[in-house]
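Look over the sequence and the structure first.

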Amino acid sequence: MFAERLAQVSESATMKVAAEAERLRRAGHDVVDFSVGEPDFPTPEHIKAAAKDALDKNFTRYTAVAGIPELREAICARYKADYGIGVTPAEVLMTFGGKQALFNTALALLNKGDEVITHAPFWPTIPEQVKLVEATPIIVPTTWQDSFAVHADKVLAAITPKTKAIILNSPGNPTGALIDESAVAAIADTAAKRSIWIVVDLCYEHLIYEDVPHNLPKVLFDRHRDRTVLACSASKAYAMTGWRAGWTIAPASLTKIFNTIQGQTTSNITSVTQKAMVAALTGSQQPVAAMRDEFRRRRDSIHGWLTANPAIQCVKPKGAFYLFPNISGLLTDTVSSSLEFASQLLEKEHVVVTPGEAFDAPGYLRISYATSMERLREGADRMLRFAESLQPAKASAR
Ligand SMILES: Cc1ncc(COP(=O)(O)O)c(C=O)c1O
(Lines give C-alpha, C1' and ligand atoms only; values in the text may rest on other atoms or scores of the structure.)
Protein backbone atom coordinates (compact mmCIF):
# COMPACT_ATOMS: atom_id res chain seq x y z
CA MET A 1 0.00 0.00 0.00
CA PHE A 2 2.82 2.40 0.82
CA ALA A 3 5.94 3.09 -1.23
CA GLU A 4 8.42 0.22 -1.10
CA ARG A 5 11.33 2.52 -0.36
CA LEU A 6 9.93 3.06 3.14
CA ALA A 7 10.22 -0.62 4.03
CA GLN A 8 13.90 -0.15 4.94
CA VAL A 9 13.44 3.06 6.93
CA SER A 10 13.12 2.82 10.72
CA GLU A 11 11.05 4.85 13.07
CA SER A 12 12.91 6.44 15.94
CA ALA A 13 13.88 3.91 18.62
CA THR A 14 13.36 6.63 21.21
CA MET A 15 9.62 6.80 20.70
CA LYS A 16 8.80 4.17 23.32
CA VAL A 17 10.81 5.88 26.07
CA ALA A 18 9.35 9.27 25.13
CA ALA A 19 5.79 7.93 25.29
CA GLU A 20 6.42 6.34 28.68
CA ALA A 21 7.98 9.56 30.01
CA GLU A 22 4.90 11.47 28.89
CA ARG A 23 2.64 8.98 30.66
CA LEU A 24 4.58 9.41 33.93
CA ARG A 25 4.54 13.18 33.59
CA ARG A 26 0.80 13.20 33.05
CA ALA A 27 0.42 11.02 36.14
CA GLY A 28 2.08 13.85 38.11
CA HIS A 29 5.60 12.42 38.58
CA ASP A 30 8.68 14.66 38.70
CA VAL A 31 10.43 13.43 35.55
CA VAL A 32 14.04 14.49 34.86
CA ASP A 33 14.45 14.59 31.10
CA PHE A 34 17.95 13.91 29.76
CA SER A 35 16.69 13.09 26.28
CA VAL A 36 16.31 16.58 24.84
CA GLY A 37 18.23 17.40 21.68
CA GLU A 38 17.94 21.16 21.87
CA PRO A 39 19.35 24.02 23.94
CA ASP A 40 17.21 25.00 26.90
CA PHE A 41 18.09 28.69 26.39
CA PRO A 42 15.76 31.16 24.70
CA THR A 43 16.69 32.53 21.27
CA PRO A 44 18.84 35.66 21.90
CA GLU A 45 16.91 38.95 22.10
CA HIS A 46 18.49 40.68 19.09
CA ILE A 47 17.51 37.75 16.88
CA LYS A 48 13.91 37.84 18.06
CA ALA A 49 13.86 41.63 17.61
CA ALA A 50 14.88 41.25 13.96
CA ALA A 51 12.03 38.79 13.42
CA LYS A 52 9.53 41.17 15.06
CA ASP A 53 10.80 43.98 12.89
CA ALA A 54 10.42 41.81 9.77
CA LEU A 55 6.81 41.12 10.70
CA ASP A 56 6.09 44.79 11.38
CA LYS A 57 7.52 45.62 7.96
CA ASN A 58 5.36 42.93 6.35
CA PHE A 59 8.33 40.91 5.20
CA THR A 60 6.00 37.96 4.84
CA ARG A 61 6.07 36.99 1.17
CA TYR A 62 7.86 34.39 -0.93
CA THR A 63 11.57 34.96 -1.33
CA ALA A 64 14.12 33.43 -3.67
CA VAL A 65 14.17 29.66 -3.12
CA ALA A 66 17.78 29.74 -1.91
CA GLY A 67 17.10 32.62 0.49
CA ILE A 68 17.46 36.40 0.34
CA PRO A 69 20.82 37.63 -1.01
CA GLU A 70 21.50 39.57 2.22
CA LEU A 71 21.36 36.31 4.18
CA ARG A 72 23.47 34.29 1.79
CA GLU A 73 26.04 37.07 1.87
CA ALA A 74 25.94 37.03 5.68
CA ILE A 75 26.73 33.30 5.58
CA CYS A 76 29.68 33.91 3.25
CA ALA A 77 31.00 36.60 5.61
CA ARG A 78 30.55 34.33 8.67
CA TYR A 79 32.53 31.46 7.09
CA LYS A 80 35.23 33.89 5.97
CA ALA A 81 35.54 35.21 9.53
CA ASP A 82 35.27 31.84 11.28
CA TYR A 83 37.22 29.57 8.93
CA GLY A 84 39.04 31.79 6.44
CA ILE A 85 37.28 30.25 3.45
CA GLY A 86 35.92 32.19 0.48
CA VAL A 87 32.33 31.18 -0.26
CA THR A 88 30.10 32.93 -2.84
CA PRO A 89 26.31 33.36 -2.48
CA ALA A 90 25.83 31.03 -5.48
CA GLU A 91 27.21 28.23 -3.26
CA VAL A 92 24.74 28.83 -0.41
CA LEU A 93 21.14 27.65 -0.09
CA MET A 94 18.94 28.06 2.98
CA THR A 95 17.12 24.95 4.17
CA PHE A 96 14.52 24.05 6.79
CA GLY A 97 17.16 23.05 9.31
CA GLY A 98 20.21 20.86 8.96
CA LYS A 99 17.85 17.97 8.27
CA GLN A 100 16.72 19.37 4.95
CA ALA A 101 20.30 20.33 4.10
CA LEU A 102 21.26 16.67 4.41
CA PHE A 103 18.15 15.40 2.66
CA ASN A 104 18.58 17.73 -0.34
CA THR A 105 22.12 16.37 -0.55
CA ALA A 106 20.95 12.75 -0.47
CA LEU A 107 18.30 13.41 -3.14
CA ALA A 108 20.71 15.29 -5.36
CA LEU A 109 23.64 12.86 -5.20
CA LEU A 110 22.46 9.33 -4.59
CA ASN A 111 21.10 6.69 -6.93
CA LYS A 112 19.57 3.39 -5.93
CA GLY A 113 22.34 1.00 -4.87
CA ASP A 114 24.97 3.68 -4.24
CA GLU A 115 26.95 3.22 -1.03
CA VAL A 116 27.48 5.96 1.54
CA ILE A 117 30.06 5.54 4.28
CA THR A 118 29.40 7.02 7.68
CA HIS A 119 30.51 6.36 11.24
CA ALA A 120 28.74 4.92 14.31
CA PRO A 121 27.47 5.67 16.90
CA PHE A 122 25.48 7.97 14.59
CA TRP A 123 22.60 10.37 14.56
CA PRO A 124 19.93 8.05 13.08
CA THR A 125 18.68 10.54 10.50
CA ILE A 126 21.95 10.19 8.59
CA PRO A 127 21.60 6.52 7.60
CA GLU A 128 17.80 6.64 7.44
CA GLN A 129 17.89 9.47 4.85
CA VAL A 130 20.36 7.43 2.81
CA LYS A 131 17.89 4.53 2.88
CA LEU A 132 14.99 6.83 1.99
CA VAL A 133 16.63 7.49 -1.38
CA GLU A 134 17.34 3.75 -1.79
CA ALA A 135 21.08 3.98 -1.30
CA THR A 136 22.97 1.84 1.23
CA PRO A 137 24.66 3.15 4.38
CA ILE A 138 28.00 1.49 5.17
CA ILE A 139 28.86 1.92 8.81
CA VAL A 140 32.35 2.31 10.25
CA PRO A 141 32.22 1.67 14.02
CA THR A 142 34.10 3.68 16.63
CA THR A 143 34.55 2.82 20.32
CA TRP A 144 34.61 4.66 23.61
CA GLN A 145 38.00 3.11 24.50
CA ASP A 146 39.34 5.07 21.54
CA SER A 147 37.34 8.23 22.40
CA PHE A 148 35.08 7.51 19.42
CA ALA A 149 37.85 8.62 17.07
CA VAL A 150 37.11 8.29 13.36
CA HIS A 151 40.23 6.88 11.72
CA ALA A 152 40.89 7.66 8.07
CA ASP A 153 42.24 4.18 7.28
CA LYS A 154 39.04 2.54 8.54
CA VAL A 155 36.85 4.88 6.49
CA LEU A 156 39.01 4.42 3.40
CA ALA A 157 38.99 0.64 3.80
CA ALA A 158 35.19 0.73 3.45
CA ILE A 159 35.36 2.30 -0.03
CA THR A 160 34.13 0.11 -2.90
CA PRO A 161 33.40 0.92 -6.54
CA LYS A 162 29.84 1.73 -5.42
CA THR A 163 30.88 4.40 -2.90
CA LYS A 164 29.31 7.72 -3.85
CA ALA A 165 29.72 9.73 -0.67
CA ILE A 166 31.17 9.84 2.83
CA ILE A 167 29.15 11.58 5.53
CA LEU A 168 31.02 12.86 8.57
CA ASN A 169 29.47 14.45 11.65
CA SER A 170 31.71 16.54 13.90
CA PRO A 171 31.08 17.42 16.68
CA GLY A 172 29.07 14.24 16.65
CA ASN A 173 25.67 13.34 17.99
CA PRO A 174 25.45 11.21 20.17
CA THR A 175 29.13 11.00 21.23
CA GLY A 176 30.20 14.67 21.27
CA ALA A 177 33.43 13.52 19.61
CA LEU A 178 35.39 15.66 17.15
CA ILE A 179 36.98 14.26 14.02
CA ASP A 180 40.64 15.24 13.71
CA GLU A 181 41.61 17.61 10.94
CA SER A 182 44.33 15.13 9.93
CA ALA A 183 41.77 12.32 9.51
CA VAL A 184 39.53 14.53 7.40
CA ALA A 185 42.54 15.59 5.29
CA ALA A 186 43.51 11.97 4.63
CA ILE A 187 39.92 11.01 3.78
CA ALA A 188 39.63 14.04 1.47
CA ASP A 189 42.87 13.25 -0.37
CA THR A 190 41.64 9.79 -1.31
CA ALA A 191 38.08 10.96 -1.97
CA ALA A 192 39.45 13.56 -4.38
CA LYS A 193 41.31 10.89 -6.35
CA ARG A 194 38.22 8.67 -6.50
CA SER A 195 35.63 11.42 -7.11
CA ILE A 196 33.74 10.62 -3.92
CA TRP A 197 31.65 13.35 -2.30
CA ILE A 198 32.29 14.37 1.29
CA VAL A 199 29.37 15.69 3.28
CA VAL A 200 30.09 17.15 6.70
CA ASP A 201 27.30 17.69 9.18
CA LEU A 202 28.45 20.73 11.14
CA CYS A 203 25.24 21.20 13.11
CA TYR A 204 27.18 21.51 16.41
CA GLU A 205 30.07 23.50 14.93
CA HIS A 206 29.87 26.28 17.56
CA LEU A 207 29.59 23.94 20.52
CA ILE A 208 33.21 22.88 20.98
CA TYR A 209 34.58 23.09 24.52
CA GLU A 210 38.29 22.56 24.07
CA ASP A 211 40.81 24.74 22.31
CA VAL A 212 41.58 22.23 19.58
CA PRO A 213 41.95 22.86 15.85
CA HIS A 214 38.73 21.99 14.06
CA ASN A 215 38.72 23.89 10.79
CA LEU A 216 37.12 21.14 8.72
CA PRO A 217 35.69 23.59 6.15
CA LYS A 218 39.19 24.81 5.30
CA VAL A 219 40.72 21.34 5.29
CA LEU A 220 38.08 20.28 2.76
CA PHE A 221 38.10 23.45 0.68
CA ASP A 222 41.87 23.23 0.29
CA ARG A 223 41.70 19.65 -1.00
CA HIS A 224 38.34 18.74 -2.35
CA ARG A 225 36.21 21.80 -2.82
CA ASP A 226 34.42 20.65 -5.96
CA ARG A 227 32.93 17.65 -4.15
CA THR A 228 32.36 18.96 -0.64
CA VAL A 229 29.02 19.74 0.99
CA LEU A 230 28.85 21.51 4.35
CA ALA A 231 25.47 20.88 6.00
CA CYS A 232 24.90 23.50 8.68
CA SER A 233 22.27 24.70 11.11
CA ALA A 234 21.32 27.60 13.35
CA SER A 235 19.34 25.28 15.62
CA LYS A 236 21.94 24.53 18.28
CA ALA A 237 24.36 27.47 18.03
CA TYR A 238 21.71 30.17 18.27
CA ALA A 239 19.06 28.23 20.22
CA MET A 240 16.76 28.36 17.19
CA THR A 241 15.49 24.79 16.81
CA GLY A 242 11.89 25.83 16.16
CA TRP A 243 12.73 28.48 13.57
CA ARG A 244 13.96 25.86 11.10
CA ALA A 245 17.08 27.44 9.68
CA GLY A 246 19.87 25.50 8.09
CA TRP A 247 21.93 25.84 4.95
CA THR A 248 24.25 24.08 2.57
CA ILE A 249 27.56 25.30 1.27
CA ALA A 250 28.26 23.31 -1.88
CA PRO A 251 29.59 23.83 -5.41
CA ALA A 252 27.39 26.19 -7.46
CA SER A 253 26.46 23.38 -9.87
CA LEU A 254 25.12 21.24 -7.01
CA THR A 255 23.47 24.24 -5.35
CA LYS A 256 21.53 24.70 -8.60
CA ILE A 257 20.20 21.16 -8.23
CA PHE A 258 19.26 21.88 -4.62
CA ASN A 259 17.35 24.90 -5.96
CA THR A 260 15.40 22.65 -8.28
CA ILE A 261 14.61 20.11 -5.54
CA GLN A 262 13.57 22.76 -3.07
CA GLY A 263 11.74 24.81 -5.69
CA GLN A 264 9.51 21.80 -6.35
CA THR A 265 9.03 20.88 -2.69
CA THR A 266 9.17 23.46 0.10
CA SER A 267 10.44 26.62 -1.69
CA ASN A 268 12.14 29.23 0.48
CA ILE A 269 12.45 28.89 4.24
CA THR A 270 10.20 31.22 6.25
CA SER A 271 10.78 34.85 5.30
CA VAL A 272 10.77 36.08 8.90
CA THR A 273 13.27 33.41 9.93
CA GLN A 274 15.58 34.66 7.20
CA LYS A 275 15.66 38.16 8.69
CA ALA A 276 16.24 36.66 12.13
CA MET A 277 19.14 34.69 10.67
CA VAL A 278 20.76 37.81 9.24
CA ALA A 279 20.77 39.24 12.78
CA ALA A 280 22.10 35.95 14.19
CA LEU A 281 25.01 35.80 11.78
CA THR A 282 25.96 39.47 11.58
CA GLY A 283 25.21 40.47 15.19
CA SER A 284 27.20 39.82 18.33
CA GLN A 285 28.36 36.22 18.76
CA GLN A 286 28.54 36.79 22.52
CA PRO A 287 25.30 34.85 23.25
CA VAL A 288 26.80 31.84 21.48
CA ALA A 289 29.92 32.08 23.65
CA ALA A 290 27.80 32.44 26.80
CA MET A 291 25.77 29.32 25.98
CA ARG A 292 28.96 27.44 25.16
CA ASP A 293 30.49 28.39 28.52
CA GLU A 294 27.41 27.23 30.38
CA PHE A 295 27.30 23.94 28.45
CA ARG A 296 30.99 23.41 29.31
CA ARG A 297 30.28 23.87 33.03
CA ARG A 298 27.41 21.43 32.86
CA ARG A 299 29.44 18.89 30.91
CA ASP A 300 32.23 19.01 33.47
CA SER A 301 29.80 18.68 36.36
CA ILE A 302 27.69 15.79 35.14
CA HIS A 303 30.70 13.95 33.78
CA GLY A 304 32.35 14.19 37.21
CA TRP A 305 29.23 13.12 39.08
CA LEU A 306 28.44 10.09 36.95
CA THR A 307 31.96 8.76 36.57
CA ALA A 308 32.29 8.69 40.35
CA ASN A 309 30.83 5.22 39.77
CA PRO A 310 33.62 3.38 37.92
CA ALA A 311 31.12 1.12 36.17
CA ILE A 312 29.91 4.19 34.24
CA GLN A 313 32.69 4.50 31.68
CA CYS A 314 32.56 7.81 29.93
CA VAL A 315 34.85 9.83 27.71
CA LYS A 316 34.63 13.55 28.39
CA PRO A 317 33.14 14.76 25.08
CA LYS A 318 34.75 17.73 23.34
CA GLY A 319 31.60 19.08 21.72
CA ALA A 320 27.78 19.03 21.29
CA PHE A 321 25.76 18.63 24.52
CA TYR A 322 25.64 14.91 25.18
CA LEU A 323 27.49 12.41 27.36
CA PHE A 324 27.63 8.93 25.91
CA PRO A 325 28.66 6.56 28.71
CA ASN A 326 29.18 2.85 28.30
CA ILE A 327 27.08 1.19 31.03
CA SER A 328 27.59 -2.42 30.03
CA GLY A 329 29.42 -2.95 33.35
CA LEU A 330 26.12 -2.31 35.13
CA LEU A 331 24.02 -4.76 33.17
CA THR A 332 22.61 -7.83 34.94
CA ASP A 333 20.51 -10.85 34.05
CA THR A 334 17.34 -8.86 34.57
CA VAL A 335 18.57 -5.51 33.23
CA SER A 336 20.45 -7.01 30.34
CA SER A 337 20.56 -4.23 27.75
CA SER A 338 20.84 -0.46 27.64
CA LEU A 339 17.26 -0.37 26.32
CA GLU A 340 16.09 -2.23 29.43
CA PHE A 341 18.32 -0.03 31.63
CA ALA A 342 16.69 3.12 30.19
CA SER A 343 13.25 1.68 30.62
CA GLN A 344 13.82 0.63 34.27
CA LEU A 345 15.57 3.91 35.09
CA LEU A 346 12.48 5.71 33.88
CA GLU A 347 10.11 3.41 35.76
CA LYS A 348 12.03 3.43 39.06
CA GLU A 349 13.69 6.86 39.16
CA HIS A 350 11.73 8.84 36.56
CA VAL A 351 14.82 9.82 34.59
CA VAL A 352 14.61 9.84 30.80
CA VAL A 353 17.74 8.91 28.86
CA THR A 354 18.07 7.68 25.29
CA PRO A 355 19.31 4.10 25.02
CA GLY A 356 22.34 3.46 22.80
CA GLU A 357 20.24 1.14 20.62
CA ALA A 358 18.85 4.31 18.99
CA PHE A 359 22.33 5.10 17.67
CA ASP A 360 23.49 1.62 16.69
CA ALA A 361 25.38 1.44 19.98
CA PRO A 362 23.88 -1.04 22.47
CA GLY A 363 25.47 -0.85 25.92
CA TYR A 364 25.52 2.97 25.93
CA LEU A 365 23.19 5.75 27.04
CA ARG A 366 22.88 9.23 25.62
CA ILE A 367 22.51 11.85 28.31
CA SER A 368 21.72 15.37 27.14
CA TYR A 369 23.01 18.11 29.42
CA ALA A 370 20.87 20.76 27.75
CA THR A 371 19.05 21.26 31.03
CA SER A 372 19.69 23.30 34.17
CA MET A 373 22.49 22.46 36.58
CA GLU A 374 19.92 21.80 39.29
CA ARG A 375 18.08 19.22 37.18
CA LEU A 376 21.40 17.69 36.14
CA ARG A 377 22.35 17.19 39.77
CA GLU A 378 18.96 15.70 40.59
CA GLY A 379 19.03 13.35 37.59
CA ALA A 380 22.63 12.30 38.25
CA ASP A 381 21.78 11.44 41.88
CA ARG A 382 18.87 9.31 40.75
CA MET A 383 20.98 7.57 38.10
CA LEU A 384 23.72 6.80 40.61
CA ARG A 385 21.16 5.39 43.01
CA PHE A 386 19.72 3.20 40.27
CA ALA A 387 23.20 2.05 39.23
CA GLU A 388 24.03 1.10 42.81
CA SER A 389 20.79 -0.84 43.10
CA LEU A 390 22.01 -3.07 40.24
CA GLN A 391 25.50 -3.61 41.56
CA PRO A 392 24.89 -6.00 44.49
CA ALA A 393 23.07 -8.33 42.08
CA LYS A 394 26.05 -8.09 39.81
CA ALA A 395 28.50 -8.87 42.61
CA SER A 396 26.57 -11.91 43.84
CA ALA A 397 26.25 -13.23 40.28
CA ARG A 398 30.04 -13.45 40.01
C1 LIG B 1 23.96 15.63 14.17
C2 LIG B 1 22.78 16.47 13.80
N3 LIG B 1 22.73 17.00 12.58
C4 LIG B 1 21.71 17.75 12.18
C5 LIG B 1 20.65 18.01 13.03
C6 LIG B 1 19.55 18.82 12.46
O7 LIG B 1 18.98 19.77 13.22
P8 LIG B 1 18.05 20.85 12.56
O9 LIG B 1 17.25 20.19 11.48
O10 LIG B 1 17.22 21.35 13.68
O11 LIG B 1 18.94 21.91 12.00
C12 LIG B 1 20.64 17.46 14.32
C13 LIG B 1 19.50 17.66 15.24
O14 LIG B 1 19.39 17.07 16.27
C15 LIG B 1 21.75 16.67 14.72
O16 LIG B 1 21.82 16.14 15.94
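How many disulfides does the count come to? The count comes to zero, where a disulfide is a pair of cysteine sulfur atoms within 2.5 Å. This is a predicted model: local features need pLDDT of at least 70, side-chain atom pairs count only at pLDDT 80 or more, and totals for chains, interfaces and linings use all residues. Residues are numbered from 1 along each chain as its sequence is written, and side-chain values use heavy atoms, leaving out hydrogens and water.

Take C232. Its closest cysteine sulfur belongs to C203, 9.1 Å away, which is too far for a bond. C232 is also buried, at 0% relative accessible area. C314 counts as buried too, at 13% relative accessibility. (Buried means under 20% relative accessible area, exposed over 50%, partly exposed in between, with a 1.4 Å probe and protein chains only.)

Now turn to the ligand.

The table lists polar contacts, meaning pairs of N or O atoms within 3.5 Å.

| Residue | Part of residue | Distance to a ligand oxygen |
|---|---|---|
| K99 | backbone | 3.1 Å |
| Y204 | side chain | 3.0 Å |
| S235 | side chain | 2.6 Å |

Taken alone, the ligand exposes 390 Å², and the protein buries 92% of that. These areas come from the Shrake-Rupley method with a 1.4 Å probe.

Technical notes: Polar contact = N/O pair within 3.5 Å; in protein donor to acceptor, adjacent residues only side chain to side chain.
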